[in-house]
Amino acid sequence: MLPYESKFTMSTFGYLVISPAITSLTSDRETMRSLGCSRIFEERAEDITERPLWHQLLEEVTAGSTIVLPELSTAIESSKHLLTFLEWIRFTKVRVIAYNEQLENKRLQKSGISISGSQRSQRDL
């Protein structure tokens with residue numbers, strides 16, 4: 001069991017990008033299901049410029065929901081997108097897990113690293 005695995009009470013969504021180079025997504029799908037994903041959005045590589053399913057996922061999530069990704073780079077194209085995405089998850093109170101990188105925004109906050117880039121003082125922990 002991974003350190004961030006738990007039962008979620010809100011909606012949990014997975015997001016994958018399917019490319020011809022990937023021969024099997026079975027392990028990714030299994031990991032996402034084990035992390036509680038009720039729905040997995042599978043974007044085709046040829047749609048990556050427009051990302052219609054990514055935008056649909058972002059419209060469906062609500063405060064307290066979780067987005068599960070293999071890597072953060074699955075959803076983020078540039079540092080500008082990263083900053084925008086981090087601000088968005090901070091304001092919407094959405095949990096994000098990038099399981100291949102063992103990243104989770106809630107865990108980062110508990111360790112004193114804010115997703116907005118500043119550190120909390122010890123008394124805030």
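Biologist: Where does K93 lie?
Modeller: K93 is in the loop between α3 and β4, the strand at residues 95-98. Keep in mind that this is a predicted model.

Biologist: OK. Is K93 buried or exposed?
Modeller: K93 counts as exposed, because its relative accessibility is 53% and the cut-off for exposed is over 50%.

Biologist: And what is phi of K93 near?
Modeller: Phi of K93 is near 60°, which is a positive value in a residue other than glycine. Q102 also has a positive phi, near 50°.

Biologist: Where does Q102 lie, then?
Modeller: Q102 lies in the loop between β4 and β5. At 41% relative accessibility, Q102 counts as partly exposed.

Biologist: Let's zoom out. How many helices and strands does the protein have?
Modeller: There are four helices and five strands. Starting at the N terminus, the elements go β-α-β-α-β-α-β-β-α. The protein has 125 residues, and buried residues make up 33% of them.

Biologist: In what order do the strands sit in the sheet?
Modeller: The order is β2-β1-β3-β4-β5, in an open sheet with mixed pairing. β2 and β5 (103-104) stand at the edges with a single partner strand each, so one side of each has no neighbour in the sheet.

Biologist: How many bridges join β1 to β2?
Modeller: Six bridges join them, and β1 and β2 (residues 39-44) run parallel. For instance, V17 has E43 in β2 as its bridge partner.

Biologist: What about β1 and β3, how many bridges there?
Modeller: Three bridges, again in the parallel sense, with β3 covering residues 66-69. T12 has T66 in β3 as its bridge partner, and F13 stands opposite I67 in β3.

Biologist: How many residues of β1 are buried?
Modeller: Five of the seven residues in β1 (residues 12-18) are buried, so the strand is mostly covered.

Biologist: Which element gives the largest share of the lining?
Modeller: That's α3, with four residues.

Biologist: And which residues line the largest pocket?
Modeller: The lining is T49, R51, W54, H55, L58, A75, I76, E77, H81, T84, F85 and W88. By type, the lining residues divide into six nonpolar, four polar and two charged.

Biologist: I see F85 and W88 in there. What kind of aromatic pair do F85 and W88 form?
Modeller: First, the overall count comes to four aromatic pairs. F85 and W88 form one that is stacked, at 6.0 Å centre to centre with 20° between the planes. It counts as stacked because planes under 30 degrees apart fall in that class.

Biologist: How many residues apart are F85 and W88 in α3?
Modeller: They are three residues apart in helix α3, which means about one helical turn separates F85 and W88.

Biologist: Is F85 buried or exposed?
Modeller: F85 is buried, with a relative accessible area of 7%. W88 counts as partly exposed, at 25% relative accessibility.

Biologist: Which residues form the aromatic cluster?
Modeller: Y15, W54, F85 and W88 form one aromatic cluster.

Biologist: One last thing: what sits over the ring of F91?
Modeller: The charged end of R90 does, 4.5 Å from the centre of the F91 ring.

Note on methods: Residues are numbered from 1 along each chain as its sequence is written. This is a predicted model: local features need pLDDT of at least 70, side-chain atom pairs count only at pLDDT 80 or more; totals for chains, interfaces and linings use all residues. Side-chain values use heavy atoms; hydrogens and water are left out. On a 1 Å grid over the protein atoms alone, a cavity is a set of points where a 1.4 Å probe fits but cannot get out, and a pocket is an open set with protein on both sides within 12 Å along at least five of seven lines; lining residues have an atom within 4 Å of a point. Helices (H or I, at least four residues) and strands (E, at least two) are DSSP runs, numbered from the N terminus. Ala, Val, Leu, Ile, Met, Phe, Trp, Tyr, Cys and Pro count as nonpolar, Asp, Glu, Lys and Arg as charged, and the others, Gly among them, as polar. Rings of Phe, Tyr and Trp (its six-membered ring) pair if their centres lie within 6.5 Å; planes under 30 degrees apart count as stacked, over 60 as edge-to-face and the rest as tilted. Buried means under 20% relative accessible area, exposed over 50%, partly exposed in between (1.4 Å probe, protein chains only). A charge sits over a ring if NZ of Lys or CZ of Arg is within 6 Å of the ring centre and within 35 degrees of the ring normal. Two strands pair if DSSP finds at least two bridges between them.
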